[in-house]
Amino acid sequence: MSQPIKIGIVGVGKIVHDQHLPALAKDQDYRLIAAASRHGKVEDIPNFTDIEAMLDAVPELEAVSLCMPPQFRYDAARTALMAKKHVFLEKPPGATVSEVEDLKTLAAQNGVSLFASWHSRYAPAVEAARAFLDTTKIKSAAINWKEDVRRWHPNQEWIWAPGGFGVFDPGINALSIATHILPAMFITSAVLDFPENRASPVAARVAFRTSNGLPVTMDLDWLQTGPQSWDILAETDKGAMVLSGGGSKLAIDGKVVHDEPEAEYPMLYKRFAEIVRAGTSDVDLAPLQHVADAFMLGKRNVVEAFFD
Ligand code: NAP
């Protein structure tokens, strides 16, 4: 087996504690040797307050995972790529499409790998849904992604700020699955609901079409209490497909055909090691482009103020 990849983590917050640290702790392909964050700390390894100090003090680092909010990721990514470190970007990979294009160029120029991770794409039933749809004629599809922002994102101010994406922060997870399992599509209309005291939307209704005219709708809502919905539905000539639970469960005509526990972050790190060892990058911008298009084409609808 190859030597473990010496990795550092930057932006130590919720997702690092929930997912990155547990995934890395079990993965023989990596050795986590440093972290950088203004306040957050990882136990038992050297911690620094910024990426520059970490890279200076720990030159043996080969890769970094950048887990801060998207608005603050580009500079850290640029610094790491220029220092010839492989870079794992949390989703969404940046605040704009063009800054991530720039990172792709920098990765190629510096001979290192760039990974735009889309964790929901690695949900357990996604490949089965894709395989099913590949054998069918799709008539229409609908994405329903409705969750309670107060439950999942308490006190996260960045998510409501420009570049935080609002309800498209979870919505881009749906798009990362949809762009993997459905035919290529583009937005034809969108309505985005902005709370009067916030810079990002709390709900959105988006219509897409595929090049051969199939309708796809997306309904995003951040105020859903009670049961949460993370579902993609498709009407096909071989029955109705429901991919639910954020990609974890697949049913065809009401019969569950795939239901497994999730292992999204272990799979993401497996893929990152694969591309590092193959000397390639994996940067699919389709989900981010759709979000940009929704903001570009969408009608802005002002709704009542949102308070945590
Ligand atoms: P978070 O806890 O609010 O932020 C992560 C860390 O980033 C913070 O603890 C903070 O650490 C650092 N940070 C915050 N503002 C910063 C700034 N202005 N400049 C530099 N660093 C800053 O957010 P999160 O939930 O972990 O989400 C981070 C990313 O992961 C987002 O892109 C999100 O979409 C993605 N993600 C989140 C989840 C989830 O369930 N939360 C799931 C999947 C993916 P310091 O104060 O120590 O610098």
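Predicted model: local features only at pLDDT ≥ 70, side-chain atom pairs only at ≥ 80, totals over all residues.
## Overall architecture

The protein chain contains nine helices and 15 strands. Its radius of gyration is 20 Å, close to the 19 Å that the globule rule gives for 308 residues, so the chain is as compact as a globular protein of that length. Along the principal axes, the C-alpha atoms fill a box of roughly 55 × 45 × 35 Å.

Of the 308 residues in the protein chain, 53% are buried. The accessible surface of the chain comes to about 13,800 Å², and carbon and sulfur atoms account for 53% of that area. When contacts in the chain between residues at least 6 apart in sequence are considered, 72% of them join residues at least 24 apart.

## The pairing of H3 and H4

Helix H3 covers residues 74-82 and helix H4 covers residues 97-110; their axes come within 9 Å and cross at roughly 10°. Because angles under 35 degrees count as roughly parallel, H3 is roughly parallel to H4. On the H3 side, the contact involves Tyr74, Ala77, Arg78, Leu81 and Met82. These residues meet Glu99, Asp102, Leu103, Leu106, Ala107 and Asn110 in H4. By class, the residues of the contact of H3 with H4 divide into seven nonpolar, one polar and three charged.

Met82 belongs to helix H3 and takes part in this contact. Leaving aside neighbours within four places in sequence, Met82 is in contact with Leu106 and Asn110. With a relative accessibility of 42%, Met82 counts as partly exposed.

## Two buried loop residues

Cys67 is located in the loop between strand S4 (63-66) and H3. Its relative accessibility is 9%, so Cys67 counts as buried. With neighbours within four places in sequence left aside, the contacts of Cys67 are Val10, Gly11, Ile15, Val16, His20 and Glu90.

Ser120 is placed in the loop between strand S6 (114-116) and helix H5 (126-134). A relative accessible area of 5% makes Ser120 buried, since buried means under 20%.

## An exposed helix residue

Asp56 has its place in helix H2, which covers residues 51-57. At 66% relative accessibility, Asp56 counts as exposed.

| Residue pair | Separation along the chain | C-alpha distance |
|---|---|---|
| Cys67 and Val12 | 55 residues | 6.9 Å |
| Met82 and Leu133 | 51 residues | 41 Å |
| Asp56 and Asp253 | 197 residues | 57 Å |

For Met82 and Leu133, a separation of 51 residues goes with a distance of 41 Å. Asp56 and Asp253, 197 residues apart along the chain, have C-alpha atoms separated by 57 Å.

Technical notes. Residues numbered from 1 in each chain as written. Heavy atoms only, no water. Axes fitted to C-alpha atoms, helices over the stretch in contact; angles between N-to-C directions. Helix = DSSP H or I, 4+ residues; strand = E, 2+ residues; numbered from the N terminus. Parallel < 35°, antiparallel > 145°, perpendicular 65-115°, else oblique. Contact = heavy atoms within 4.5 Å. Nonpolar A, V, L, I, M, F, W, Y, C, P; charged D, E, K, R; others polar. Rg over C-alpha atoms; globule rule 2.2 N^0.38 Å. Buried < 20%, exposed > 50% of the residue type's maximum accessible area, 1.4 Å probe, protein only. Areas by Shrake-Rupley, 256 points an atom, 1.4 Å probe, with all protein chains shown as cover.
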